[in-house]
Amino acid sequence: MLVGMLREHIKTYGTAEDGRQFRAARAGRVRSTEYCEVWDRARVKALGKAEAATPLADVPYSLRHAGVSLWINSGVDPVEVARRVGHSLTVLFRFYAKILRGQQALANDLIDKGLSGGQ
C-alpha cells in the first residue's frame, strides 16, 4: 500500500533534481522547521487531537523505531534487521534488546521445535 502511494506521488509530482522524493515548494530541501510543522499537522489528522497531545509518534523517527521493533518481535532474523536498517548487530541489540525481554516462552518453543526435527 505504501509503495503504491509513493509511486503515485512520484507520478504526480516527480522528484527533485537530485532524486529526493520530497522537496520544498521552491524546489529546495525541506527545512526541519517546515517538516516539523507538517508532521505535527499530520499527527493531529491521523491520530485526533487527544492522541496527538501524547508522545505517540511525536517525531518521525518513532515510526522507524516501531518498524524495527515489529520486525524483531515478528521473528525476523536480527542479522537481516540490522542489515536493513544499516546497523551493526551490536548497535541493534544496544537499542532494541529491551523488546526481547519476556520472550522466554517463545524461545523455549523454538528450541523444542528444533529438537523435535522442526515439527
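By accessible area I mean the surface given by the Shrake-Rupley method with a 1.4 Å probe. With that in hand, I looked up the surface of this predicted model. I found about 9,500 Å² of accessible surface for the protein, and carbon and sulfur atoms hold 60% of that area.

**Entry: the elements.** I went through the chain from the N terminus and noted the order α-α-α-α-α-α-α. That makes seven helices and zero strands.

**Entry: overall dimensions.** I looked up the radius of gyration and found 20 Å, whereas a compact globule of 119 residues would be near 14 Å. I also noted the box filled by the C-alpha atoms, roughly 60 × 35 × 30 Å along the principal axes.

Entry: How much of the protein is buried? I read off 13% of its 119 residues. Next I took the contacts with a separation of 6 or more, and 21% of them join residues 24 or more positions apart.

**Entry: the core.** Which residues form the largest nonpolar core? I listed eight: Val68, Ile72, Val81, Ala82, Val85, Leu92, Tyr96 and Ile99. Two or more of these residues come from each of α4 (61-73), α5 (78-85) and α6 (89-96). I marked α5 as the element that gives the most, with three residues.

**Entry: a look at Val85.** I picked out Val85, a member of that core. Setting aside neighbours within four places in sequence, I found Val85 in contact with Arg64, Val68, Trp71 and Leu92.

**Entry: charges.** I finished with the 18 positive and 12 negative charges, and their mean positions lie 4 Å apart.

How values were computed:
Residues numbered from 1 in each chain as written. Predicted model: local features only at pLDDT ≥ 70, side-chain atom pairs only at ≥ 80, totals over all residues. Heavy atoms only, no water. Helix = DSSP H or I, 4+ residues; strand = E, 2+ residues; numbered from the N terminus. Rg over C-alpha atoms; globule rule 2.2 N^0.38 Å. Buried < 20%, exposed > 50% of the residue type's maximum accessible area, 1.4 Å probe, protein only. Contact = heavy atoms within 4.5 Å. Lys, Arg positive; Asp, Glu negative; His and termini not counted. Charge placed at Lys NZ, Arg CZ, Asp CG, Glu CD. Core = buried A, V, L, I, M, F, W, Y, C linked by side-chain atoms within 4.5 Å.
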